[in-house]
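Trainee: I am new to this structure and would like a close look at a single part. Could you pick the aromatic rings and walk me through them, then show me what surrounds that picture?

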Amino acid sequence: MSQYQRLLLMINPALRHSSAINHAAALARASGASLHIAALIPPIKGLSMLEAGNQGKIRKHSLQANRNWLQVQVENLRGRGIEVTMEVAWADDMKQDIIDHVTQMQPDLLIKQIQRESALKRAFFTAFDWYLLRHCPVPVYLVGGSSFLRPRKVVAAVEVSDIESADNELNDLIIKQARSLAMQCNAELHLLYACDISAAYLADFGSFTLAELTKSLRTDLEKSFLRLAGQCGVPSDLRHFIEGHPVRVLSEFAHEHHVDVIVMGKVQSRGVGKLLGSTTEHILYQVPCCVLAV
């Protein structure tokens, strides 16, 4: 049985060029899941300055126009054998409305187009997708730039620098999601660990030289990674132990190997308590593919 029974796709109908609908449809078809598309319309700028009667007319016209457009998309998907339902509604608080939809519907997966925001804006406000990663109670599939609707290469980005059970449990969840997605889509499953050994990580190890500690720790981490890969049955040519900062490593790997989906944890302890969640958040703006955060 597929891990996905019901998918929820949230779209902004103003972004009609988005490939999110086709990505969601491909996942629904591959998994046999039903798909619900919710088109939330953000507030119209300047509308409050008009008379109440005119406001109502504009809102009604906008609602109907978007409903007509989405109905065409839905009928097309039904013609391809996909079980799909739809709704179009106004959203006063887009972030919270999406979380409310997830809470009420309890889908197996929330799908949404990545909303790219500038570094300046992110410095002062929580990015839209970051908010969803932090608060959404189900896995989030954020559609990036991959032109292939059904994934061909899926990468499970794991963490082996901490032997605490929380990391092991999240690794299991990441690998389970990645393996199931790869099997449903007939894709390659790769396992990757970005080994980032910093001087700060090694600061409290007495009189050993930095070179000695780095080599020893690297060896231990690689053994842990290979043990995890062996337990999961990942072939040797699909295991990737790469030194470097996770954001850089994943970004370069995704570009060089034409990755379609990276599966990561939303929040994961790392060494001295660093959050992999921040890595996942920054990855959204660096990789040319989709990101599945669990």
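Mentor: Happy to. Ring pairs join Tyr 193, Phe 225 and Phe 241 into a cluster. Rings of Phe, Tyr and Trp (its six-membered ring) pair if their centres lie within 6.5 Å; planes under 30 degrees apart count as stacked, over 60 as edge-to-face and the rest as tilted. By this rule the count comes to 4 aromatic pairs. Take Phe 225 and Phe 241: their ring centres are 6.0 Å apart and their planes stand at 50 degrees, so this pair is tilted. Phe 225 belongs to helix α7 (residues 210-232) and Phe 241 to strand β8 (residues 239-243), so the pair ties together parts that are 16 residues apart in sequence. Helices (H or I, at least four residues) and strands (E, at least two) are DSSP runs, numbered from the N terminus. Phe 225 and Phe 241 are both buried, where buried means under 20% relative accessible area, exposed over 50%, and partly exposed in between (1.4 Å probe, protein chains only).

A word on the ground rules. This is a predicted model, in which local features need pLDDT of at least 70 and side-chain atom pairs count only at pLDDT 80 or more, while totals for chains, interfaces and linings use all residues. Residues are numbered from 1 along each chain as its sequence is written, and side-chain values use heavy atoms, with hydrogens and water left out.

Next come the charged side chains. A salt bridge is a side-chain nitrogen of Lys or Arg within 4 Å of a carboxyl oxygen of Asp or Glu, and a search of the whole structure finds 7 of them. Arg 218, Glu 222 and Glu 243 are linked in a network of salt bridges. Another salt bridge joins Arg 134 and Glu 281, at 2.8 Å from N to O. That pair links distant parts of the chain, with Arg 134 in helix α5 (residues 128-135) and Glu 281 in helix α9 (residues 276-283), 147 residues apart. Arg 134 is partly exposed, at a relative accessible area of 45%, whereas Glu 281 is buried at 8%.

Arg 78 pairs with Glu 75, their closest N and O atoms being 3.1 Å apart; both lie in helix α2 (residues 52-79), 3 residues apart, about one turn of the helix. Arg 78 is partly exposed at 37% relative accessibility, and Glu 75 is partly exposed at 42%. In the bridge between Glu 252 and Arg 248, the closest N and O atoms are 3.3 Å apart. These two sit 4 residues apart in helix α8 (residues 246-257), so about one helical turn separates them.

What about cysteines? A disulfide is a pair of cysteine sulfur atoms within 2.5 Å, and the count comes to 0 disulfides. Cys 289 is in no disulfide, and the nearest cysteine sulfur, that of Cys 290, is 6.7 Å away. Cys 289 is buried, with a relative accessible area of 0%.

Finally, confidence. The pLDDT is the predictor's confidence in each residue, from 0 to 100. The chain has a mean pLDDT of 84, and 79% of its residues reach 70 or more. Confidence is highest in strand β6 (residues 153-157), at a mean of 97, and lowest in strand β11 (residues 274-275), at 40. Over residues 268-277 the pLDDT is below 50, and beyond near neighbours in sequence this stretch has 31 contacts in the model, a contact meaning heavy atoms within 4.5 Å.
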